[in-house]
Amino acid sequence: MASATLAFLAWILPDFRIEASSGDSPTQIAVTAAIGAGAFGVLSALVWPVLVRALLLVPALVLGVLVFFLNGSLLLIALRFTPDGRGEVTPATAVVIAAVMSAASSATSTALAVRDDAAYGRRLARLAGRRRPRLDDPPSPATPGTVFLQLDGVGHDVLREALAGVQPAMPTVASWLGNTHRLTPWHTDWSSQTGASQLAILHGSNHDVPAFRWFEKDTGQVMVCNRPSSAAELERRAVARTGSCGLLAEDGASRGNLFTGGAEQSALVMSVAARRGTFNRPRSGYFAYFSDPANAVRTAWSFTAEVGREILESRAARLRRDRPRIGRGGLYPLVRAFATVVERDVAVAAVVGDVLAGRSAVYADLVAYDEVAHHSGPYSRDARKVLTRLDRSVCLIADAARYAPRPYRIVLLSDHGQSTGETFEGAYGVHLRELVRTGCGLAESGRPSRRKGGAEARTAARTALRRPERGRTAEEAECAGPPSEPIVLASGNLGLVTFPDIEGRATREELDRRCPVLLTTLTSHPGIGFVLVRSAERGPLALGPRGERELATGRIKGDDPLAPFGGETAAAAVLRADAFPHTADLMINSACDPRTGTVHAFEEQAGSHGGLGGPQSRPFLLHPADLPLPDGPLVGAAVLHGVFKTWLSTPAPAPSIVNQGLTIPRSSALG
């Protein structure tokens, strides 16, 4: 196939020839094409992995671009092996030819794999840089391995809808439900976001993680869960608190996550990216993926298609006048493509490699849905299409388990859901920061909010580009004025207000003396559901528009402000967060319509999460039916850590071997 592709390109491209100037016979042209294609294949197999490993010092996204130029250089060298200098091509044309040949090779391998199980297995092994088991290999482990796939941001109700109907959006996962797997909802902590949930799932505790971003008075730092330095510190604190290395400490692998879970094998993990001198380790996933030139070509085409898809879908949403709707211009199409294509492809390839290597536990985060739902809405057409593409990734991983040296269980879960609704500023014409300043008797700041959508994917892209961290201090984050003025931060529909000049946690009494109308201004606003503040006399209080609740005693005066958010379950979550050392002076949760579950994000997001209200606090767990769950509801991400640790030590029943139990149509896996 490679020879035919090379001969065809020589026929149609004016700057490329593989025959003598006086002409050659078809046989000679075929021989020359075979020699050139063979030399290119050998160089790609032998030289390419060395080049990519050397270029790991180059930013990851730059590496993806360099793939094409390096591939073209290899082709130029390969053509020198053709007899009598018959191979001539310009450098620019060589880049195009190399890309087409790599794409043709990938397409051919895929087409063969559809018809032949052995070829498909070899393709999976080559994708991950692994070899198939041999007769002289040591005995395979008898205990099953477990793959945890986190479908970031997919709520329980969204998943049920995607699995329903004659033509479900996720046909592979739909075929598991009621057959091999069971679907269960669980409840997040107050901070319904990836940092809090994943830290507790992987390390057993999310103590002192009040939000996605918060200001710490004692250090003067703004902590952001997906910032490498913050992720490393949060992991360190969790390990110190629990005394445990993590869920993946025993022969585990962490892929595309914020934290390692104690895994020795980690790729694209934020907490590792901050370690000095170990930058190559988190980027090893890029090496494993781009060491196959065909992967680079496929991902580049998919990346370009995704950019175009976002531009078209954004325009269609404007024409349909979809609500809520936020800005999706600027660099966002590129950010979306990075999250939905590059991160997905590299993470899936790494997981396939882990499965073929027989690792005991693998945890990977697929962020595509969460990124699109933030901008298009969790129930949008755009987000539903992403679920279909995620289903194909799940199918590919499940099919790879058929070739693994041990049986595998596959567990799907989400870290949170998403709630929809107009943004706070869009609904009421005022930003939370300006409302707080009004309550404090301060003039408008005059600074427009610069919190861009897609913050999570943007940080991942900046890390891949090796860009320096920004916003570690309040000044850098552009959320601070003079020391006497409050710092206002947002995490979805959860707002945090800190007075940096007040030592320790500010009390209600102190705030009433300093800003007599602040709490009234906040609680009387129709877009705010409740405010957490600590009283020196009565302890933590949840204040609402028509009542308040003493969290320590449960006494309610007037209407219970937590009733629309879950009543007693919400009260327990808020009381727990109140005890965190770095909880803000004021924690502000937006209002929630109990009939529709809509909330108001304090950021520019059509779909949001981070606080209480609506589906954001109700993610899902889809697990093999033979794995036990504790009685009662699953409340808090730390509960999942204990459940998963039990599962990792649970042997598989004799008649149920996951590798054989998951029968996946080959065509759908490769779609």
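The paragraphs below lead through a predicted model of one protein chain, from its overall make-up to single residues. Because the model is predicted, local features are reported only at a pLDDT of at least 70 and side-chain atom pairs only at pLDDT 80 or more, whereas totals for chains, interfaces and linings use all residues. Residues are numbered from 1 along each chain as its sequence is written, and side-chain values use heavy atoms, with hydrogens and water left out.

The protein chain has 25 helices and 20 strands, these being DSSP runs numbered from the N terminus (helices, H or I, of at least four residues; strands, E, of at least two). Of its 671 residues, 56% are buried, where buried means under 20% relative accessible area, exposed means over 50%, and partly exposed lies in between, with a 1.4 Å probe and protein chains only. The accessible surface comes to about 27,100 Å², and carbon and sulfur atoms account for 56% of that surface; such areas come from the Shrake-Rupley method with a 1.4 Å probe, and for residues only the protein chains shown count as cover. When contacts (heavy atoms within 4.5 Å) are taken between residues at least 6 apart in sequence, 73% of them join residues at least 24 apart.

The interior can be described through its nonpolar cores, each a set of buried Ala, Val, Leu, Ile, Met, Phe, Trp, Tyr and Cys residues joined through side-chain atoms within 4.5 Å. The largest of these has 59 residues, and those with the most contacts inside it are Trp190, Leu234, Leu413, Phe530, Leu621, Leu640 and Phe644. Apart from it lies another core, of 45 residues, which includes Leu159, Leu163, Leu356 and Ala401. Leucine 640, leaving aside residues up to four places away in sequence, touches Trp186, Ile201, Leu413, Leu621 and Leu634.

Seven strands form an open sheet with mixed pairing, in the order E4-E20-E10-E3-E9-E7-E8, where two strands pair if DSSP finds at least two bridges between them. Its edges are strand E4 (181-185) and strand E8 (265-267), each of which pairs on one side only. On average, neighbouring strands of this sheet are turned by 15° against each other, direction ignored. Within the sheet, strand E7 (residues 252-255) and strand E9 (residues 361-366) run parallel and are joined by four bridges, and alanine 253 stands opposite valine 362 in E9. Helix H16 (residues 381-400) lies across strand E3 (145-151), E9 and strand E10 (408-413), and runs at about 175° to E3; here axes are lines fitted to C-alpha atoms, for helices over the stretch in contact, and angles run from 0 to 180 degrees between N-to-C directions.

Helix H18 (residues 432-439) is mostly covered, with seven of its eight residues buried. The buried residues are Leu432, Arg433, Glu434, Leu435, Val436, Arg437 and Gly439, and they pack against helix H17 (424-428), strand E12 (487-491), strand E13 (494-498), helix H21 (518-523), strand E14 (528-535) and strand E18 (586-590). After H18 comes glycine 441, with a positive phi near 75°.

Serine 617 is found in the loop between strand E19 (607-608) and strand E20 (620-624). With a relative accessible area of 12%, serine 617 is buried, and, not counting residues up to four places away in sequence, it touches Trp186, His187, Thr188, Ser192, Gly611 and Leu612.

Turning to the cysteines, a disulfide is a covalent bond between the sulfur atoms of two cysteines. A search of the whole structure finds zero disulfides, a disulfide being counted as a pair of cysteine sulfur atoms within 2.5 Å. The sulfur of cysteine 515 lies 3.6 Å from the closest cysteine sulfur, that of cysteine 440, which is too far for a bond. Cysteine 515 is buried at 4% relative accessibility, and cysteine 225 is buried at 0%.

Some backbone details remain. Most residues other than glycine have a negative phi, and most peptide bonds are trans. A cis peptide bond, with omega about -5°, joins arginine 323 and proline 324, and proline 324 lies in the loop between helix H13 (293-320) and helix H14 (332-357). Aspartate 208 has a positive phi near 65°, lies in the loop between helix H9 (194-203) and strand E5 (213-216), and is buried at a relative accessible area of 6%. Leucine 268, with a positive phi near 60°, is placed in the loop between E8 and helix H11 (270-273) and counts as buried at 19% relative accessibility.
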